[in-house]
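Thanks for coming, everyone. I'll walk through one structure today, chain by chain element and then the DNA side. Have a look at the screen first.

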2 protein chains.
Amino acid sequence: MKRLADDILAKIGCKNTKPRKTVIEVLESTDNPLSAEDIFLRIKELGESVNLSTVYRTLDLMENKSLVSKTVMSDGKARYELTVDGHRHHLVCTNCHKSVPIDFCPLEKLEKDIGEKNDFDITGHKLEIYGLCPKCKKE
Amino acid sequence: MKRLADDILAKIGCKNTKPRKTVIEVLESTDNPLSAEDIFLRIKELGESVNLSTVYRTLDLMENKSLVSKTVMSDGKARYELTVDGHRHHLVCTNCHKSVPIDFCPLEKLEKDIGEKNDFDITGHKLEIYGLCPKCKKE
DNA sequence: TTTTAAATGCAAATGATTTGCATTTGAAGT
DNA sequence: ACTTCAAATGCAAATCATTTGCATTTAAAA
């Protein structure tokens, strides 16, 4: 468990601090994108304590190194997710915000064509699918 | 020109006011998603004046009626776009934020499958492709 | 150990968006 | 047209996620 966090921090080439390790471990422990505050609160639940600013700083750092993806959701809060095991898209419930990862990406094959057609250098994309989850469907 | 704005306001069933018409006309006049402030400034350029709060309120109103789509971009500002002529996706330059509409949607055929597979009622999706535009490529 | 740049915590600042409230206005009914 | 009144606007103040300045702490190189 600790290993991945250490590896990531080593790869980035920054100081291996407890707050950073804790943030990464929380990200590792879930399948869903988390907000900075989600992470902050989970850390508290673990009986530890990391300043919210530090959570943000760690997330920014990792986003800049492309180890974390940041997506601003319609509720105005950003969600963060490790990209270590490749990028993912999600099915998001518009009611309860539950988020289910999707196992494929319809863009992979298309990016090159789209880039060439528009003379862009494509660097990435973001896709989210919205709907009502099984529970919320039934009101 | 005025016709579409009037039609839209009639469809919503709200008061047909000058500020609302002006906001809609600005949205009509462009191909790219605009921020609330973009809209506010363009209205000023037209020599008119609409309060920024009113711009936000008009956009919210229309988003709730599904006549406008709202997307929060990585710069932390939301961009709004008329959906009257169907939804669109965009190629967005990560450097200058220029946005080019894309004429097709790779999701259309997939939504039903994804919904069934995950027991979700799909209501929509959001897709953006990022890259460097022709100008920014050359630094 | 010593040293030092990098990282943290805290409090205050920022900036987009929202809200409360007094005033104005569109449109329904006269 | 005129009256009426809920709905809409403008303005200023509030909100809230995120960022920043700075004094203190800490990882890790020497």
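This is a predicted model: local features need pLDDT of at least 70, side-chain atom pairs count only at pLDDT 80 or more; totals for chains, interfaces and linings use all residues.

Let's take chain A as a whole. From the N terminus on, its elements run α-α-β-α-α-β-β-β-β-α-β-α. That comes to six helices and six strands. The C-alpha trace of chain A spans about 45 × 45 × 25 Å along its principal axes. Chain A has 139 residues, and 28% of them count as buried. Now the contacts in chain A between residues at least 6 apart in sequence. Of those, 45% join residues at least 24 apart.

Next, one helix in detail. Which residues of α3(A) are buried? This helix covers residues 36-45, and the buried ones are A36(A), I39(A), F40(A) and I43(A). Look down the axis of α3(A): its buried residues fall within an arc of 100°, so they line one face of the helix. What covers them? The cover over the buried residues of α3(A) includes α2 (18-28), β1 (34-35) and α4 (52-64), from chain A. Turn to the face pointing away from the buried side. There we find the exposed residues E37(A) and E45(A). After α3(A) comes G47(A), with a positive phi, near 80°.

On to the sheet. In chain A, three strands form an open sheet, in the order β1-β3-β2, with antiparallel pairing. β1 and β2 (68-72) of chain A stand at the edges with a single partner strand each, so one side of each has no neighbour in the sheet. How many bridges join β2(A) to β3(A)? Five, and the two strands run antiparallel; β3(A) is residues 78-82. To pick out one pair, V68(A) has L82(A) in β3(A) as its bridge partner.

Last, the DNA. There are 25 residues around DNA strand D. Those that come nearest are N16(A), A78(A), C14(B), N51(B) and T54(B). The largest share, five residues, comes from α4(A). By type, the residues of this surface divide into seven nonpolar, ten polar and eight charged.

That's the tour. Over to you.

Technical notes
Residues are numbered from 1 along each chain as its sequence is written. Chains are lettered from A and ligands numbered from 1 in the order in which they are written. A residue is buried if 20 or more other C-beta atoms lie within 10 Å of its own, exposed if 12 or fewer, and partly exposed in between; C-beta atoms are placed from the backbone. Helices (H or I, at least four residues) and strands (E, at least two) are DSSP runs, numbered from the N terminus. The arc is that of the directions from the helix axis to the C-beta atoms. Two residues are in contact if their C-beta atoms, placed from the backbone, lie within 7 Å. Two strands pair if DSSP finds at least two bridges between them. A residue is near a molecule or strand if its C-beta atom, placed from the backbone, lies within 6 Å of it. Ala, Val, Leu, Ile, Met, Phe, Trp, Tyr, Cys and Pro count as nonpolar, Asp, Glu, Lys and Arg as charged, and the others, Gly among them, as polar.
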